[in-house]
Amino acid sequence: MSVIERSDVPIAVKNDNVELRTAPVGELTVGFVDIQKGTDLGPALVGLPGDLCQCPHWGYMLKGRVMMRTDQGEEVYESGQVFYWPPGHAPVALEDSEYVDFSPTDEFTKVIRHLTGTA
């Protein structure tokens, strides 16, 4: 068993609007995400299949509200909620938000490489 402290997790993506820290946890990757109000990750996902994130995420909203756009419509997730985001989504921060999620490492790595231009 081990404990993962957010402050010990390396930054995978960082700009003025988003900070993503990731670390392996078995066959999954834990992501600590801070996303600023008004940030729409849709444009950063262009080029992925359907121009949407194709990695599933299971997690918990620590703070804020995030709207998830999908081909089936939009859904809002709020502080205190557990979530499952299936493949085919693009987040928009409605408020300054923080969440932690767990994702299959291979799929998440592909998305991170796309976001950082190292694909």
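Trainee: Which residue does Met 61 stand opposite in strand 9?
Mentor: Met 61 stands opposite Tyr 99. Before going further, note that this is a predicted model, in which local features need pLDDT of at least 70 and side-chain atom pairs count only at pLDDT 80 or more, while totals for chains, interfaces and linings use all residues. Residues are numbered from 1 along each chain as its sequence is written, and side-chain values use heavy atoms, with hydrogens and water left out.

Trainee: What counts as a strand or a helix here?
Mentor: Both are DSSP runs numbered from the N terminus: helices are H or I with at least four residues, and strands are E with at least two. Two strands are said to pair if DSSP finds at least two bridges between them.

Trainee: In what order do the strands of the open sheet come?
Mentor: The order is 1-2-3-9-4-7, six strands with antiparallel pairing. Strand 1 (11–14) and strand 7 are the edge strands, each pairing on one side only. From one strand to the next, the twist averages 20°.

Trainee: How many bridges join strand 3 and strand 9?
Mentor: Eight, in the antiparallel sense. Within that pairing, Leu 28 has Pro 104 of strand 9 as its bridge partner. Strand 2 and strand 3 also pair over eight antiparallel bridges, and there Thr 22 stands opposite Gly 31 of strand 3.

Trainee: And how many between strand 4 and strand 9?
Mentor: Strand 4 (residues 57–63) and strand 9 are joined by five antiparallel bridges. Besides the pair you began with, Trp 58 stands opposite Phe 102 in strand 9. Strand 4 and strand 7 pair antiparallel over four bridges, with His 57 opposite Trp 85 of strand 7.

Trainee: Is strand 9 largely enclosed or largely open, and why?
Mentor: Strand 9 (residues 97–104) has six of its eight residues buried, so the rest of the structure largely encloses it. Buried means under 20% relative accessible area, exposed means over 50%, and partly exposed lies in between, with a 1.4 Å probe and protein chains only.

Trainee: Where does helix 2 sit relative to the sheet?
Mentor: Helix 2 lies across strands 1, 2, 3, 4 and 9, and runs at about 125° to strand 9. Such angles run from 0 to 180 degrees between N-to-C directions, using axes fitted to C-alpha atoms, for helices over the stretch in contact.

Trainee: Turning to the core, how many residues does the largest one have?
Mentor: It has 23 residues, and Ile 35, Met 61, Trp 85 and Tyr 99 have the most contacts inside it. The elements giving two or more residues include strand 2 (18–25), strand 3 (28–35) and helix 2 (105–116). Helix 2 gives the most, with three residues. A nonpolar core is a set of buried Ala, Val, Leu, Ile, Met, Phe, Trp, Tyr and Cys residues joined through side-chain atoms within 4.5 Å.

Trainee: Which residues is Ile 35 in contact with?
Mentor: Leaving aside neighbours within four places in sequence, the partners of Ile 35 include Val 18, Leu 41, Val 66, Ala 93 and Tyr 99. Contact means heavy atoms within 4.5 Å. There is also a second, separate core of five residues, with Val 9, Ala 23, Phe 32 and Val 100 among them.

Trainee: How many salt bridges does a search of the whole structure find?
Mentor: Seven, each being a side-chain nitrogen of Lys or Arg within 4 Å of a carboxyl oxygen of Asp or Glu. One joins Asp 34 and Arg 6 at 2.4 Å, N to O. Because Asp 34 lies in strand 3 and Arg 6 in the segment before strand 1, that pair ties together parts 28 residues apart in sequence.

Trainee: Is Asp 34 buried or exposed?
Mentor: Asp 34 is buried, at 17% relative accessible area, whereas Arg 6 counts as partly exposed at 25%. Both belong to a salt-bridge network that also links Lys 14, Glu 19 and Arg 21.

Trainee: What about Asp 40, which residue does it form a salt bridge with?
Mentor: Asp 40 bridges to Arg 69, with the closest N and O atoms 3.1 Å apart. Asp 40 is in the loop between strand 3 and helix 1 (42–45) and Arg 69 is in strand 5, 29 residues apart.

Trainee: And which residue is the partner of Arg 65?
Mentor: Glu 95, with closest N and O atoms 3.1 Å apart. Arg 65 lies in strand 5 and Glu 95 in the loop between strand 8 and strand 9, 30 residues apart. Arg 65 is partly exposed at 29% relative accessibility, and Glu 95 is partly exposed at 33%.
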